[in-house]
Each structure stands twice: as structure tokens, then as C-alpha cells.
Amino acid sequence: MPGYIEDPLDPGAPEVIPGLLPRHGHLALVAETNVGKTLLALEIIESVLTGRPLWGQLTPTETYQRVAYVVGEYDDNYVKQLWVKLEASAPPHSIRLLPRRTLVSQGQVHSEHVRTYKEECAGCQLVIFDPFSAFVIGPDVENDASLTRATINTMLEIAGGHSVIIPAHMGKPYYLDTAKDYVQRGSYAARGSSSIEDTPMACFYFTQSRSEASPDALFYLKNRKTKFGAPPGYFLLRDPDTLRHKLINVRSSAGKRGMASRWGSENVNPGKDI
């Protein structure tokens, strides 16, 4: 129903997980392939279903009862295996695993698939579409902003105003050429980046650190955009056995120097391109 600007604000906090997951709209998690987008999504699911602090520090403002996970890239078994590997837990029958169905093809919305998803997601307070590219078909998905927006709007419609998480892949590199010496430098962004970054309530880029002190376990979740208060980013340590992440700090305005002084340069070396 249409509302008016003088209507009372919705009760409750605007975020389910402060500094990360909005109550309404969606969170975009962008990363290269096999960096760990699905791991982050599963950890967030566990946190909102159990009330346990995400990564040991970010406490949910409320507890959800049911979540829908739309598996677009792998099969159910892969997601189940990651859940077991994480040693995660949640109340029985609180996570629905749904199969992939195309939402938008060549600019046309598949209304029957949308109706089916709406029925399956009824009563769910959080819906995950993993990954974004699995649900849209077009000749140039990476550069077609209208396809991206149509797909995201359809996902939000399916969620019925509740929280949505959309893991998205990093796109192909674009190059900046200098007319003087033709030196090329590649830079990565999200596929369909203008729409991926414009439409969400929050957008974070997830990258593996090149830290010499911890080359395999240190990751950085960079705050690309939020509509609420959030730090510039989160440094996460990944347990090599369980694959769980632990938040080791909230990056302050002091930047990398501040992080090193707070945590000790012997523990974390933030020096190389995080």
C-alpha cells in the first residue's frame, strides 16, 4: 500500500545485523570466484536464526524464524557440506533450500517462476539468491543495466519487503590506457557494477589479503556503499579447518596504520593491497 511521508517510522532497528545486513532491501556481497561468498552468507544465516554474534562481534538486533536459500551455482549437497564444515547450527526446518529458476531472460520476467518462488518463500524473513548471475539470461548481462535492475527488483518482490542477500561475482577487468605510453592496468568491479552498486542498501567487496604474515587466512570485507552507519571495512581471519571467520577489528579512520598499532604488527601485516 502507498504511504505518506508523515506516517510513523517502522518499529525496530533499520538493520538486522548492525553495519552489514539491512532489514529491508538487499545486501550485495561481491567477490571473485571461490573467495568465500557462500561462506559469508551461511554465517549470516546462522547468526540471524540463532542470535549469536556474527564473526564473534556483530550481534543481530532480532532473531529470524525462517530463511530461504536459492541455490543457483551448486546443488543442495554442496551447501549442506559447507554448513557441516562450518559446524553451523540452526533450529530444525528453519532453512529452506530452493532450486534455481531463471527470473529474467532476454529482458522478460518469468512470471510463473516468480509466483513459485513467492509461494516457497512465504514466511521467510531472509532470502538469498546465490549467485546473482544464475538467475538472469541475456546477450550482455555484465553491461546491461536494465537486465540487472529487472532481476534485482524481481528478487526483492519475491522477498516481499524482507531482507535479501545477493552474492555477485567480480566481472572481467577493464583497462585504462594512457595515450602517452599505452600502459594498461586492469581493475575489477562487480558484473553489472553500476546497477549492482546503485540498487542495494549495502554493498561490500570481499577480497583475500596479500598479507605476508597470513597469506591464506586473512580477508577484507570492504564497505563499498551503505545507507546506514558502517565502518569502512572488516578484517576477517578464516579458520583453515572449519572455514569460519573471526572479526579481528573494525577498520577505523586511522586506516592500515591504525590497525597495525591496535593489533600488533607481529599478528597482522596490513601492508599489501588489502
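**Entry 1: Serine 105**

I began with serine 105, which is buried at a relative accessible area of 19%. For my own record, buried means under 20% relative accessible area, exposed means over 50%, and partly exposed lies in between, with a 1.4 Å probe and protein chains only. I found serine 105 in strand S6, residues 104–105. Leaving out residues up to four places away in sequence, serine 105 touches His110 and Ile137. Contact here means heavy atoms within 4.5 Å.

**Entry 2: Ground rules**

I noted that this is a predicted model, in which local features need pLDDT of at least 70, side-chain atom pairs count only at pLDDT 80 or more, and totals for chains, interfaces and linings use all residues. Residues are numbered from 1 along each chain as its sequence is written, and side-chain values use heavy atoms, with hydrogens and water left out.

**Entry 3: The whole chain**

I looked up the elements and found six helices and 16 strands in the chain. Helices (H or I, at least four residues) and strands (E, at least two) are DSSP runs, numbered from the N terminus. Of the 274 residues, 46% count as buried. The chain exposes about 14100 Å², and carbon and sulfur atoms supply 50% of that area. Those areas come from the Shrake-Rupley method with a 1.4 Å probe; for residues, only the protein chains shown count as cover. I also checked the contacts with a separation of 6 or more, and residues 24 or more positions apart account for 61% of them.

**Entry 4: H1 against H2**

Two packed helices are described by the angle between their axes and the distance between the axes. I looked up both for helix H1 (residues 37–50) and helix H2 (residues 76–85): the angle is about 65 degrees and the axes are 10 Å apart. Axes are lines fitted to C-alpha atoms, for helices over the stretch in contact, and angles run from 0 to 180 degrees between N-to-C directions. H1 and H2 are therefore roughly perpendicular to each other. In these terms, angles under 35 degrees count as roughly parallel, over 145 as roughly antiparallel, 65 to 115 as roughly perpendicular, and the rest as oblique.

The crossing of H1 and H2 is right-handed. That word applies if the near helix is turned clockwise from the far one by less than a right angle, and left-handed if anticlockwise.

Which residues of H1 and H2 meet? On the H1 side I listed Thr38, Leu39, Leu42, Ile45 and Glu46, and on the H2 side Val79, Leu82 and Trp83. By class, this contact has six nonpolar, one polar and one charged residues. Ala, Val, Leu, Ile, Met, Phe, Trp, Tyr, Cys and Pro count as nonpolar, Asp, Glu, Lys and Arg as charged, and the others, Gly among them, as polar.

I then opened threonine 38, which belongs to helix H1. Threonine 38 is buried, with a relative accessible area of 9%. Its contacts beyond four places in sequence are Tyr69, Leu82 and Asp130.

**Entry 5: H3 against H4**

Helix H3 (residues 111–120) and helix H4 (residues 145–159) pack at about 35 degrees, with axes 8 Å apart. This crossing is right-handed. Val114, Tyr117 and Lys118 in H3 meet Thr154, Glu157 and Ile158 in H4. I sorted that contact by class into three nonpolar, one polar and two charged residues.

Most residues other than glycine have a negative phi, and most peptide bonds are trans. With that in mind, I checked the bond from aspartate 130 to proline 131: it is cis, with omega near -5 degrees. Proline 131 lies in the loop between strand S8 (126–130) and strand S9 (136–137).

Asparagine 34 has a positive phi near 65 degrees. I found asparagine 34 in the loop between strand S3 (26–31) and H1, and at 66% relative accessibility it counts as exposed.

Leucine 243 has a positive phi too, near 70 degrees, and sits in the loop between strand S15 (233–238) and strand S16 (245–250).

**Entry 6: Arginine 244**

My last stop was arginine 244, in the loop between S15 and S16. Is arginine 244 buried or partly exposed? Arginine 244 is partly exposed, at 27% relative accessible area. Its C-alpha is 5.7 Å from that of leucine 86, 158 residues apart in sequence. Setting aside neighbours within four places, arginine 244 has contacts including Glu43, Glu46, Leu86 and Asp239.
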